[in-house]
Each structure stands twice: as C-alpha cells, then as structure tokens.
Amino acid sequence: MLFKEDEIESLERKYRLNLINSISGIKPANLIGTRSKENQDNLAIFSSVVHLGSNPAQLGIVMRPQSNGLKDTYSNINATGLYTINHISESFIKRAHYTSAKLDKSKSEFDLMNLKREFIDGFFAPFVSISHLKIGMKHLKSILLPNDCIFIIGKVVLLEVPEMSVNEKGQIDLSKYNAVGISGLNTYYKLKK
C-alpha cells in the first residue's frame with residue numbers, strides 16, 4: 001500500500017486514526033500518576049514517553065491538545081510540578097487501558113480500576129503499586145507543538161527498578177517483569193529481548 005499526502009488526509013477518520021497511530025511502531029506503555037493540590041489522584045495511560053537525556057536524567061511526554069479545557073493530568077502537573085511514570089505489565093493491561101475513560105474530576109482512576117496507590121519516600125504524586133518500574137518526575141518545562149499538543153519535559157528525581165532486571169552495565173531487561181508496549185490506540189505487545 002502506498003499513501004500520498006492527499007490520500008492520507010482523505011482517508012475515513014477512524015481508519016486514518018488507527019493507521020497513523022500505528023506507524024511509529026511499538027511505544028512504551030505507561031501510567032502517569034498525578035495528584036491535585038486538593039489531594040485528588042488521577043491516573044492516565046500514555047504511550048508517548050520519550051528519553052531526552054541521561055545527564056541530567058530527563059524524559060518527555062506528549063499530551064493531547066488542551067483546547068477543550070485542561071485535562072486532569074496536565075492540570076495537576078502544572079499545579080504541583082510533580083508526577084509519576086509507571087511501567088505497565090501484562091498482569092494489569094486491561095485495568096491500565098481503561099484509565100483513558102472520561103471520569104468526573106471527583107473520581108479517581110486508581111479506585112475505579114482497582115489499582116492501588118503507593119507513595120515512595122515522601123514523593124507527593126502517587127505511584128502505581130503493582131508497577132515494577134516507577135519513576136518520580138519534576139516538571140521542568142512545557143512546549144506547545146505545532147498541532148497544539150503539549151510536550152512536557154521533566155527531570156527524573158526518583159527511580160525504583162526491580163534489581164533482577166538490571167544487568168552489571170545498568171541495562172534494564174523489560175522482559176524480566178513482563179513489561180508491555182502499545183501500537184496504535186489499543187494493541188498491546190509483549191516485550192522480549
């Protein structure tokens with residue numbers, strides 16, 4: 001199949017959405033945990049976490065446009081400056097996936113999806129207890145992208161990694177704890193070394 005620009009733009013909406021969301025391949029599957037200043041927790045699935053640098057240790061996240069009002073994740077990151085990134089494993093794919101549902105601000109995805117919160121070393125934002133790899137992040141900067149998405153840049157300030165998955169060189173074997181990846185909007189893949 002060969003698609004030229006005008007053909008891509010004229011594709012049926014859902015077909016184009018699925019196609020274009022799949023072309024970048026398998027992406028990391030993560031849950032972003034945030035807490036509002038009023039201590040209301042939020043949890044949302046993201047497949048757009050990217051490595052930016054190791055010294056200083058920084059990661060980026062692409063957020064959808066906030067044109068219809070600020071979403072809880074973005075609002076909480078702006079208000080508190082802290083958030084967590086939690087790897088998703090095979091054992092809780094379905095619960096993690098459904099954190100994308102639209103909920104009333106007073107309800108937490110942690111509770112509705114039966115995902116236990118965990119607080120590590122006094123870090124303000126909640127971690128996902130069942131997640132094997134947990135990252136505490138400090139918001140550094142937000143950049144508006146040409147498509148109105150927002151690129152969040154954060155610094156790694158806390159990291160919990162399963163010891164059995166890290167080799168002597170510091171490399172993490174994601175398959176040791178059954179981490180998963182996402183292609184498109186709802187297709188999950190096992191990660192094998």
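Before I start, a note to myself: two strands count as paired if DSSP finds at least two bridges between them. The model I am looking at is a predicted one.

**Entry 1, strands.** I looked up β9 (residues 134-144) and found that it pairs with β10 over 10 bridges, in the antiparallel sense. One pair I picked out is His139, whose bridge partner in β10 is Gly154. I then followed the hairpin of these strands and found 5 residues between them, with Asp148 taking a positive phi near 75°.

**Entry 2, the other partner.** Next I checked β5 (residues 57-63), which is joined to β10 (residues 150-160) by 6 bridges, again antiparallel. Here I saw Met63 standing opposite Ile150 of β10.

Which residues lie nearest the centre of the largest pocket? I noted Ile45, Phe46, Met63, Arg64 and Leu185, from a lining of 44 residues. The pocket holds about 1,500 Å³ of space. I sorted its lining into 18 nonpolar, 15 polar and 11 charged residues.

I found about 400 Å³ of space here, with 23 lining residues. Val49, Leu59, His87, Leu133 and Ile135 lie nearest the centre. Two or more residues each come from β4 (49-54), β5, β6 (82-87) and β10. Which element gives the most? I wrote down β4, with 5 residues. By class, I listed 17 nonpolar and 6 polar residues, and no charged ones.

Definitions and conventions. Residues numbered from 1 in each chain as written. Predicted model: local features only at pLDDT ≥ 70, side-chain atom pairs only at ≥ 80, totals over all residues. Heavy atoms only, no water. Helix = DSSP H or I, 4+ residues; strand = E, 2+ residues; numbered from the N terminus. 1 Å grid on protein atoms, 1.4 Å probe; cavity = no way out; pocket = protein on both sides within 12 Å on 5 of 7 lines; lining within 4 Å. Points joined across faces, edges and corners; volume = space filled by probe spheres on them. Nonpolar A, V, L, I, M, F, W, Y, C, P; charged D, E, K, R; others polar.
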